[in-house]
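Welcome! Have a look at the model below, and then let us walk through some of its details together.

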Amino acid sequence: MRRTESPRGAGAGRSRVAGCTLLVTALVAGCSSDGDPLSAEPYDAADRISFSGSVEAGGKADPDKPLEVVAEDSDGRITDVTVVDASGRHVAGELAADGSRWHSTSPLAAGARYTVRVSTEDEDGAPGRKVLAFTTGRPPATRRLAVTFGPGAGTYGVGQPLTAELDAPVEDRAQRAVVERALQVESTPAVSGAWHWVDDKKLHYRPQDYWPAHATVSVRSTLEGIRINDRLRGGRSEPLTIRTGDRVIAVTDAAAHRLTVYKNDEEIRQIPVTTGKPGFETRNGVKVVLAKERLVRMRSTTVGIAEGSAESYDLDVHFATRVTWSGEYVHAAPWSVGSQGYDNVSHGCVGMSTDNAEWFFDTVREGDIVKVEHSTGDTMEPFGNGYGDWNLDWTKWQAGSALTAGTAQSPAEQARLRPQTV
């Protein structure tokens, strides 16, 4: 007997097809901008948020007061705030966990124009947006703090610290934090580093380890117009870019009377040397090449040795590579060739043959590392006699920063803080 399809069965099949068609249509409609608030164009949130002070009315804002943005609609919240001036400087801020309020945490600059972009969402999750521009007023005449960066444009060794010289003292820690946060360093390849206050007018910057070889390092100040104290605001400063060359490190073993030079972590030469004799011991530790002088007149009177005494000297010295301002060099010492590699007979310098000194002179550049170990002398001081920065371990180096180590974010990152999802 042949089985036939019942009309009811055929109708049911058609109904299922039609049902699927309707379901697909519903899904498509549900994914359109009309059905999904997250895909809709942001609405104008002007009537749902307010700004502190005279900002909203178009007046000039007080740069010494924080900027505040408040969600006026209890059913909505602020999701993001970005504040940036005409030169691209971001203002850091903090957003309440419930999205009801945002306030700036870094100072505004005086006489600057800012753009504020506020993102919101309503009770249905629909996005809103408000963009507002405002300017800050100019304060009464105050002194402007100038910052001069060093060491100067050029190519240096991987041990060269950056320096920042202030033309006015800054002693208060909170004021130092304002200054330090505005001194921004970038390097390619990227490395982390920190500023260290040498005194109230000078800072040094270095990474935890030496700079990478063939890196580009830039430093600039975003301090212009920023209030430091009642009588001092940031002034305009020239940025600086330096580059590093090969990673050249010279290690002097005073006990073995030998200097070994490494280039990009490969040993390229060993040189017999003599270092400081008893009473004139060569300083231990890491030093940085300060300068190179083909001919230097060295006189004992400049280091406190009386003229005519048994230890006095007055010599013309060739191929002198300076590593301290007090007069420690790596240089040619043809008069002590017989002791080089065997005994320490100098007054504190590292002496070698003329040929070796010329090779060393031609191989190193300012910023290269000259390290001395196994001397009976003291360790080179970190500051004041050259660059002894690397003789501070990283923990002690960070302790010289006015910012809390390891927690500071860039202004661009802080300016975009969002409340955490609960």
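**How to read the model**

This is a predicted model, in which local features need pLDDT of at least 70 and side-chain atom pairs count only at pLDDT 80 or more, while totals for chains, interfaces and linings use all residues. Residues are numbered from 1 along each chain as its sequence is written, and side-chain values use heavy atoms, with hydrogens and water left out. The score pLDDT is the predictor's confidence in each residue, from 0 to 100. The protein chain averages a pLDDT of 85, and 84% of its residues score at least 70. Over residues 1–33, pLDDT stays under 50, and the model has 6 contacts beyond four places in sequence for this stretch. Residues 405–422 also have a pLDDT below 50, with 32 contacts beyond near neighbours in sequence. A contact means heavy atoms within 4.5 Å.

**The whole chain**

The protein chain holds 5 helices and 28 strands. Both are DSSP runs numbered from the N terminus: helices are H or I with at least four residues, and strands are E with at least two. Of the 422 residues, 44% are buried. Among contacts with a separation of 6 or more, 65% come from residues 24 or more positions apart. The accessible surface comes to about 22000 Å², and 48% of this belongs to carbon and sulfur atoms; such areas come from the Shrake-Rupley method with a 1.4 Å probe, and for residues only the protein chains shown count as cover.

Most residues other than glycine have a negative phi, and most peptide bonds are trans. The table gathers some exceptions.

| Site | Feature | Angle |
|---|---|---|
| Glycine 150 and proline 151 | cis peptide bond | omega about 20° |
| Threonine 188 and proline 189 | cis peptide bond | omega about 0° |
| Histidine 257 | positive phi | phi about 60° |
| Histidine 374 | positive phi | phi about 65° |

Where do these sites sit? Proline 151 is in the loop between β10 (147–150) and β11 (154–156), and proline 189 is in the loop between β13 (183–188) and β14 (193–199). Histidine 374 belongs to the loop between β28 (369–373) and α4 (394–399), and histidine 374 counts as exposed because its relative accessibility is 52%. Histidine 257 lies in the loop between β20 (248–253) and β21 (258–263). With a relative accessible area of 13%, histidine 257 is buried.

**A partner for histidine 257**

Which residue's side chain is joined to that of histidine 257 by a polar contact of 3.1 Å? It is asparagine 344. A polar contact is a pair of N or O atoms within 3.5 Å; within protein, one must be able to donate a hydrogen and the other to accept it, and residues adjacent in sequence count only if both atoms are side-chain atoms. A polar atom of the asparagine 344 side chain also lies 3.1 Å from the backbone oxygen of alanine 254. Asparagine 344 is found in the loop between β26 (329–332) and β27 (350–352), and asparagine 344 counts as buried because its relative accessibility is 18%. Leaving out residues up to four places away in sequence, asparagine 344 touches Ala254, His257, Thr274, Thr275, Gly276 and Lys277.

Notes
Buried < 20%, exposed > 50% of the residue type's maximum accessible area, 1.4 Å probe, protein only.
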